[in-house]
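Let's take a walk through a protein together. Have the sequence and the 3D view ready, and turn the model around as you read.

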Amino acid sequence: MSAPEGVRATALLTAYARAQESARPDRLFDDPWARLFVREATAFTGEGLPRMGMARDENISPLWHAFSSYFAARTPFYDERLRRAVEAGARQVVLLGASMDTRAYRLGLPGGTTVFEVDSGSVLEFKNGVLTRHGARATCRRVPVPVDVRDAWDGPLVEAGFRRDEPVVWLAEGLLMYFTAQESDRLLARVTACSGERALLLTEYPARMVDEATMTARATDEAERISAMMMANVVHSGPGGEPAEWLARHGWAGEVTDIAAQLRRWGRDVPDVFADAPDRVPVWLMAATPGQGTTR
């Protein structure tokens with residue numbers, strides 16, 4: 001089975017990075033379904049993982065090392081904070097742009113928790129098909145909400161059973177960099193309108209747009225250059241500017257860190273594009289609550 005129209009190539013690259021991380025002896029998390037998404041989307045029948053643009057399983061280039069490090073590092077940042085929020089009583093989790101996220105399956109969330117997965121119908125249909133064929137079972141209640149996250153998703157979310165007056169964790173992983181500043185503001189405004197006092201927002205965005213020259217300079221062959229051009233064309237850089245200021249405009253604040261700091265925390269090397277290069281592009285990670293003080 002191949003991926004239908006609407007399943008972004010970037011979603012499969014993220015799944016690819018999660019599959020590679022899961023295979024490491026020092027892995028930061030385990031996502032056994034990530035490999036299945038890649039293999040079925042590409043109709044690959046060989047061993048391991050297929051070559052997919054910049055993504056490869058051996059002779060990894062600087063370009064793919066940077067992207068895969070980023071995709072892998074943000075995952076445990078979110079996992080840790082989501083688990084803590086659920087342990088503290090949150091029983092609603094909303095995945096905005098859920099894509100190939102399998103947290104309803106792999107985090108061991110308690111049965112009383114509901115995970116709402118907001119994404120386009122074609123994405124959710126592909127994902128559901130793969131999980132069903134391989135006998136995956138969620139540990140909690142999982143509710144797909146088939147609506148594009150750029151549209152007015154709050155109405156369909158409430159219709160699916162979401163309670164505005166109950167504690168909630170909002171997770172927008174790998175999403176805002178594909179949004180313009182205006183789209184990011186609209187998204188956070190909807191999140192704010194749907195949140196009570198006990199809400200947690202987890203998300204990230206790069207400090208600025210990643211230009212084509214920065215990425216293609218790290219490419220080692222034509223397939224990678226094509227991937228780099230594709231990524232440069234879809235990355236809008238989200239809200240832009242300082243994350244604390246953006247959160248504060250909408251009444252949110254909290255923890256702000258970046259990918260480089262998280263990689264160092266886990267003893268991983270930091271690709272220079274995130275830390276040391278003249279054209280470095282910090283990627284902010286945020287865990288915010290309504291009306292709290294900001295920490296760094």
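Helices (H or I, at least four residues) and strands (E, at least two) are DSSP runs, numbered from the N terminus. A residue is called buried if its relative accessible area is under 20%, exposed if it is over 50%, and partly exposed in between (1.4 Å probe, protein chains only).

This is a predicted model, in which local features need pLDDT of at least 70 and side-chain atom pairs count only at pLDDT 80 or more, while totals for chains, interfaces and linings use all residues. Residues are numbered from 1 along each chain as its sequence is written, and side-chain values use heavy atoms, leaving out hydrogens and water.

Let's begin with the whole protein. It has twelve helices and seven strands. Of its 296 residues, 57% are buried. Among the contacts with a separation of 6 or more, 78% join residues 24 or more positions apart.

Now look for helix H5, residues 121-133. Which residues of H5 are buried? They are Val123, Leu124, Phe126, Lys127, Gly129, Val130 and Leu131. Their cover includes H2, helix H4 (103-106), strand E2 (114-119) and strand E3 (141-146). After H5 comes Gly135, with a positive phi near 70°.

Glu183, Ser184, Leu187, Leu188 and Val191 are its buried residues. They sit on the same side of H7 because they cover an arc of only 130° around the axis, where the arc is that of the directions from the helix axis to the C-beta atoms. These buried residues pack against strands E1 (92-96), E4 (168-172), E5 (199-206) and E6 (252-258), and against helix H10 (243-249). On the face turned away from the buried side you will find the exposed residues Gln182 and Ala193.

Next, a pair of helices. Two packed helices are described by the angle between their axes and the distance between the axes. Helix H1 (residues 9-22) and helix H2 (residues 34-41) pack at about 135°, with axes 7 Å apart. Axes are lines fitted to C-alpha atoms, for helices over the stretch in contact, and angles run from 0 to 180 degrees between N-to-C directions. H1 is therefore oblique to H2, since angles under 35 degrees count as roughly parallel, over 145 as roughly antiparallel, 65 to 115 as roughly perpendicular and the rest as oblique. Residues making this contact include Leu12 and Tyr16 of H1, and Phe37 and Val38 of H2.

Let's turn to some loops. Most residues other than glycine have a negative phi. Asn59, however, is not a glycine and has a positive phi of about 50°. Asn59 lies in the loop between H2 and helix H3 (62-87). Ser99, in the loop between E1 and H4, also has a positive phi, near 50°. Are these residues buried or exposed? Asn59 is exposed, with a relative accessible area of 66%, whereas Ser99 counts as buried at 14%.

Finally, find Trp266 in the loop between helix H11 (259-265) and helix H12 (272-275). Trp266 and Asp26 are 240 residues apart in sequence, yet 9.8 Å apart in space, C-alpha to C-alpha.

Note on methods
Contact means heavy atoms within 4.5 Å. The expected span of a helix is 1.5 Å times one less than its number of residues.
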